[in-house]
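Here's a quick briefing for anyone opening this model for the first time. Have a look at the sequence and the structure, then read on.

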Amino acid sequence: MPIKSYLVHPKQGKKGEVANALSNMDQCEVIAAKNEELLVLVTETYSEKEEELLREQLQQFRDIKLMALVSGFNTPKNT
Amino acid sequence: MYQSVFTNRREFIKKMAVLSAMTAAAGMFPGIIFAEEQEKGIPDGANLDWKKAPCRFCGVGCGVLIGTENGKAIAVKGDPKSPVNKGLCCVKGYHSIMAMYGKDRLKKPLVKKNGRYVETSMKEALDLVASKMQETIKEHGKDAVSIYGSGQWTIPDGYVASKLFKGCIGTNNVEANARLCMATAVTGFLSSFGLDEPMGCYEDIDYADTFVLWGNNMAEMHPVLFSRLLDQRLKRGVKIIDFATRTTRTSMAADKTIIFNPQTDLAVANAICYEIINNGWMNTAFVEEHCNFSKGLTNMGYGLEDHYKFTDRPEAISFEEYKAFLEDYTPEKVSGLSGVSVKDIKYLAAHFGDPNKKVMSLWCMGMNQHSRGTWINNLVYNIHLLTGKISSPGNSPFSLTGQPSACGTVREVGTLTHKLPHGVVANKEHREFAAKIWDVPVENIDPKPTYHTVEMFRALDRGDIRFMWIQVTNPMVTMPKLKRYRDGAKKEGRFIVVSDVYPTPTTDIADVILPSAMWVEREGLYGNSERRTQYFEQMLEPPGEALSDTVQLIEVAKRMGFEKQFYYKDETHIEEIYSEYRRHHEGKKHNMAPLEVLKNQPGAMWPYVDGKETKWRFNAKYDPACTNGKDFHFYGKKDGRAVIWQRPYEPAAEEPDADYPFWLGTGRVVEHWHTGSMTRRIPVLHQAMPHAYVELHPEDAERMQIRTGDMVKLTTRRGEISLPASVNQRGVPAPRQVFVPFFDEQMLINDITLDSFCPISKEPDYKKCAVKVEKA
């Protein structure tokens, strides 16, 4: 049951679009910075495999300049 | 940031993930605002009264704003005006107010009667404490009573404790838990420079090109400061070098990690000095103008026996003698011992040696909890002195602290056996100066120090000490070789008073438990790692009969007949105490800012002279106390020169052998502050890190068929303990090493650690003893 957080740097002027697109994905929660071109992305999936697939999907976003993993947690028990 | 209720562990974990990311983001973009998240917990329509305070937890001293409504703290956020954290907080800071509202908060004094705790009034409890202390002094002498405080004592707490015990009662039995964490930094500063505390400040981070972290997991222990390093890397491409015995979150963020064998940092530091001299990187003009060379005694022992005593005997040496000594520390000779490649030793030396690079060294417990801790502190100063990279913006050897007022209270007020607020008990002039301000006969102040912390608890075990008052610390979790000291404290004929906010293993040994007012439930001051004194006002009423530690001490002092010395009025006592305390430090070398200044701004760094704080001491451009007419003046030493010390490598007190083949090191985790007595009452932090664990190297784990979660038995010569394994999780120790965090009172790792200490500082080495590791 992985939970991960990322810093997402959108391309210039694309913060709103990236935030919307990510928010529409079931496994994603987005918190946008008010005064910087940056998003906090938290992903929550049910398996390593699903996590892997999601990451591949995210990497295909053309409006994301850089996505840096900050923390990764796994919660096999006590969900 | 909030007070919210989480329904399950996954929600806690998500919160952790969000906060980690926001912390990282704030490192890159100081002042970044996540409005929605940061204001999530604030109730709609709340009419909050926001007031400033320094954070209650670590020694970084972040400024926080606390939002109160109807007598309760309901929100906390970083203070954007604070130059320390610029509006940012770490995960503990964002939850700090919740530490005041644990369900089992102590509210009434408890007195042990026939083996059971009975509630009593504060008046009766304080009467009992005062009469027991007087009775003990009468029967066993003044040195049979003692007080043990901490770096969480506010400045007024420590000041009145020292005044009562040293000035009025006349015993030097005053110690604090900073002996367990910062005493080595003090002796390092004193032996190299003659004065305590860093010459630089956090602003050095904005100018340095290279950061060398000496055994310092900053990402978890000082996350806000670490985020400032990451910010500088993004802006200026600075290098972060993690020199450590274990791979941590800091390693993951560093540009380079260099792993060394425990204790061999001594040899590597000497090898760096060898390289600096051998490659012609020494700043000869600086060294000739501002430094002396000395050597001290060697083979000092490790303090393992009761009544151990050691005093160093410095002896001047020439540069040529020092250079000859370093011939034993060529990179080639040191590489085998340390496990660090010749290339990496040269890499480290080249960063210090490059005249175009400004270098900041940062360290904390890795170098201080070290059986040759004073030596390794001296050796890092040697590197900075040889290259002249010191006391100027960005060139800064910087010792970080772990507690909010380890510097402000323990080191500056001087709540250690040998210290006075200004100077030491052994110095006649210093005693006369203190006695005059304290309004006591000078004969009251004993010129002889008594017990440092480990020896104080040994004295309690032996029966030399009969009465101990413990305030705002938890030694029954933190003392090394804990079992001996726990059993000793429980012996017949001992009387223990504990002032605290929650029940702990230390209140379990108490005869009287006094409930304390916590943090902003009283007025006070803290002093952080960069010599910054910060004031906080009382914002809340303490629960029940809880009283501040300052008032508890004043009340007992008055009951013991010292009304004249403890003349302070209820409403103005903090102001009166601070004004009196400032007199001890008058002068350009240590002047403290007036209280009015501290009330109106997020702290001020001492020396505070002519309305200005001093950012870089010993540098004539910034420090008005420099008077030698030169660029630098190390005025802590009589001749104005800093000392480059010849200090060899010596092994640790106990190293792995055939019976106990692993190293055991202990430390902290980001979620919990020290023994967790506060942070374990904060649900989000407790559930994120509910218990201790033992980290193993994956190869060791595989060989022993141990997986994460399996129980592992650790056995040392002191005993055994079982903990769940952690393999390839947060931290990864080197092969044949294990790491255990010490916060968990249910899994007391200190039952099996060793009470060896640095003979000069008397600070225990929690990072090194030998252990056998088995699958349980």
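**A first look**

Apart from residues up to four places away in sequence, Glu541(B) touches Gly71(B) and Glu521(B); touching, or being in contact, means that the C-beta atoms, placed from the backbone, lie within 7 Å. This is a predicted model, where local features need pLDDT of at least 70, side-chain atom pairs count only at pLDDT 80 or more, and totals for chains, interfaces and linings use all residues. Residues are numbered from 1 along each chain as its sequence is written, while chains are lettered from A and ligands numbered from 1 in the order in which they are written.

**How confident is the predictor?**

- For the complex, the predictor gives an ipTM of 0.91 and a pTM of 0.89.
- Chain B has an average pLDDT of 94, and 96% of its residues score at least 70; pLDDT is the predictor's confidence in each residue, from 0 to 100.
- Residues 1-7 of chain B have a pLDDT below 50, and this stretch has 20 contacts in the model beyond near neighbours in sequence.
- Over in chain A, the mean pLDDT is 83, with 89% of residues at 70 or more.
- Residues 74-79 of chain A stay under 50, and the model has 12 contacts for them beyond four places in sequence.

**Chain A**

- Chain A has two helices and four strands, and its elements run β-α-β-β-α-β from the N terminus on. Helices (H or I, at least four residues) and strands (E, at least two) are DSSP runs, numbered from the N terminus.
- Of the 79 residues in chain A, 30% are buried. A residue counts as buried if 20 or more other C-beta atoms lie within 10 Å of its own, exposed if 12 or fewer, and partly exposed in between, with C-beta atoms placed from the backbone.
- Take the contacts in chain A between residues at least 6 apart in sequence: 66% of them join residues at least 24 apart.

**Domains of chain B**

- Chain B splits into domain 1 (9-101), domain 2 (110-181 + 404-567), domain 3 (191-296 + 318-403 + 639-646) and domain 4 (662-753); these bounds come from an automatic or database domain assignment.
- The C-alpha centres of domain 1 of chain B and domain 2 of chain B are 32 Å apart. Their contact takes 16 residues from domain 1 of chain B and 17 residues from domain 2 of chain B.
- On the side of domain 1 of chain B that touches domain 2 of chain B, β1 (49-54) and β2 (63-69) of chain B each supply at least two residues. The largest share of that side, three residues, comes from β1(B).
- From the UniProt record (unreviewed entry) comes the feature "domain: 4Fe-4S Mo/W bis-MGD-type" at residues 48-104 of chain B; such annotations, given in the numbering used here with shortened feature names, may be inferred rather than shown by experiment.
- That span, residues 48-104 of chain B, is 7% helix and 35% strand, and its end C-alpha atoms lie 26 Å apart.

**The inside**

- The largest nonpolar core has 264 residues, and those with the most contacts inside it are Val40(A), Phe211(B), Ile272(B), Leu714(B) and Val738(B). A nonpolar core is a set of buried Ala, Val, Leu, Ile, Met, Phe, Trp, Tyr and Cys residues joined through C-beta atoms within 7 Å.
- Helix α10 (residues 265-278) of chain B gives the largest share of this core, nine residues.
- Beyond its neighbours within four places in sequence, Phe211(B) has contacts that include Leu229(B), Val238(B) and Met360(B).
- Helix α17 (residues 406-414) of chain B is mostly covered, as nine of its nine residues are buried. Among the elements covering them are α5 (155-169), α6 (183-193) and α23 (573-584) of chain B.

- Glu541(B) sits in the loop between β20 and α22 (549-559) of chain B. Why is Glu541(B) exposed? Because it has 12 other C-beta atoms within 10 Å.
- The C-alpha atoms of Glu541(B) and Lys72(B) are 8.6 Å apart, though 469 residues separate them along the chain.
- Phe742(B) carries the UniProt annotation "binding site" (unreviewed entry). Phe742(B) is buried because 24 other C-beta atoms lie within 10 Å.
- Trp281(B), in the loop between α10 and α11 (284-290) of chain B, is partly exposed, with 16 other C-beta atoms within 10 Å.

How values were computed: Contact = placed C-beta atoms within 7 Å.
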